[in-house]
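This report describes selected helices and side chains of the structure shown below.

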Number of protein chains: 2
Amino acid sequence: MSNTDRRKFLGTAAALAVGTTAAAAIPSNNMAKKYPIVHHVFFWLKNPDSKEDRDKLVEGVKTLAKIETVKDIQVGIVADTEKRDVVDKSWAVSELLFFNDLKGQAVYQDHPVHQEFIKNYSHLWDKVVVYDIANV
Amino acid sequence: MSNTDRRKFLGTAAALAVGTTAAAAIPSNNMAKKYPIVHHVFFWLKNPDSKEDRDKLVEGVKTLAKIETVKDIQVGIVADTEKRDVVDKSWAVSELLFFNDLKGQAVYQDHPVHQEFIKNYSHLWDKVVVYDIANV
């Protein structure tokens with residue numbers, strides 16, 4: 001390594017180290033700034049007691065990660081939290097997607113990977129509820 | 001810098017560089033691994049047309065970031081996406097919280113900051129729907 005290269009490397013290393021420290025110091029609200037548009041879909045299964053159908057749908061939702069405007073994806077099932085009147089535990093699979101902007105969300109809607117997902121997996125669900133959220 | 005220190009520093013720098021490259025190579029699904037428990041709350045206002053009430057509730061929800069087990073928080077309003085039958089646009093404020101585990105979510109429920117939020121802001125809402133999600 002030449003002296004110039006070493007200086008360059010150390011400079012990059014220092015920048016990385018500073019970046020890491022800064023990120024760790026912010027307790028929360030990082031994602032809200034990063035991906036301002038959130039798309040949360042809840043699926044109710046045609047066979048609500050079928051773990052096989054649930055797992056198949058989870059597998060299907062995960063294919064949506066391939067869409068280039070999907071910046072992050074979380075696929076979930078009902079968590080084992082306390083039963084309370086306000087908590088809806090009747091759904092089966094949750095699809096939480098993050099976009100940079102409304103345009104990214106529109107690209108996702110019409111994307112062949114999304115269309116393929118609907119074609120291959122929609123026979124599994126009975127009901128879908130969608131929430132589109134703009135972070136403030 | 002002694003030779004030992006330099007070796008240590010270069011080692012750390014290399015590890016950070018590798019970490020950064022690896023993260024950049026994964027297109028998505030980072031948060032799912034980071035915060036496996038998601039708590040998504042939707043609020044319907046008593047005065048659905050009051051932007052003042054909406055903004056006040058947004059301000060209230062943001063106080064929840066102070067709770068130590070809340071690892072990330074996104075506060076949102078209805079996004080200007082296409083109107084479709086499956087999209088619910090009747091709510092006013094969305095609270096999306098991320099936890100490390102179920103215990104963290106339980107701590108949040110009973111936390112004084114959460115109780116204070118309910119005391120000070122619950123007069124604003126008419127209905128609440130909660131989804132508790134375990135990422136898979």
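## Helix 4 of chain B

Within helix 4 of chain B (residues 102-110), the buried residues include Gly104(B), Gln105(B), Tyr108(B) and Gln109(B). Here helices (H or I, at least four residues) and strands (E, at least two) are DSSP runs, numbered from the N terminus. Buried means under 20% relative accessible area, exposed over 50%, and partly exposed in between (1.4 Å probe, protein chains only). Because they cover an arc of only 145° around the axis, these residues lie on the same side of helix 4 of chain B; the arc is that of the directions from the helix axis to the C-beta atoms. An α-helix has 3.6 residues a turn, so residues three or four places apart point the same way.

The face turned away from the buried side of helix 4 of chain B carries the exposed residues Lys103(B) and Asp110(B). The buried residues of this helix pack against strand 1 (37-45), strand 3 (93-99), helix 5 (112-121) and strand 4 (125-135) of chain B, where contact means heavy atoms within 4.5 Å.

## Basis of the model

This is a predicted model, in which local features need pLDDT of at least 70 and side-chain atom pairs count only at pLDDT 80 or more, while totals for chains, interfaces and linings use all residues. Residues are numbered from 1 along each chain as its sequence is written, chains are lettered from A and ligands numbered from 1 in the order in which they are written, and side-chain values use heavy atoms, with hydrogens and water left out.

## Helix 5 of chain B

In helix 5 of chain B, Val113(B), His114(B), Phe117(B) and Tyr121(B) are buried. They lie on the same side of helix 5 of chain B, because they cover an arc of only 100° around the axis. Pro112(B) and Lys119(B) are exposed on the other side of helix 5 of chain B. Strand 1, helix 3 (51-62), helix 4 and strand 4 of chain B pack against the buried residues of helix 5 of chain B.

## Helices 4 and 5 of chain A

In chain A, helix 4 (residues 102-110) and helix 5 (residues 112-121) pack at an angle of about 45°, with their axes 5 Å apart. Axes are lines fitted to C-alpha atoms, for helices over the stretch in contact, and angles run from 0 to 180 degrees between N-to-C directions. Helix 4 of chain A is therefore oblique to helix 5 of chain A; angles under 35 degrees count as roughly parallel, over 145 as roughly antiparallel, 65 to 115 as roughly perpendicular and the rest as oblique. Tyr108(A), Gln109(A) and Asp110(A) of helix 4 of chain A make the contact with Pro112(A), His114(A) and Gln115(A) of helix 5 of chain A.

## Trp91 of chain A

Trp91(A) occupies the loop between strand 2 (72-78) and strand 3 (93-99) of chain A. At 4% relative accessibility, Trp91(A) is buried. Among the residues that Trp91(A) touches are Phe42(A), Trp44(A), Val78(A), Tyr131(B) and Ile133(B). A polar atom of the Trp91(A) side chain lies 2.9 Å from the backbone oxygen of Asp88(A).

## Buried polar side chains

Gln74(B) belongs to strand 2 (residues 72-78) of chain B and is buried, with a relative accessible area of 1%. The side chains of Gln74(B) and Asn135(A) are joined by a polar contact of 2.9 Å. A polar contact is a pair of N or O atoms within 3.5 Å; within protein, one must be able to donate a hydrogen and the other to accept it, and residues adjacent in sequence count only if both atoms are side-chain atoms.
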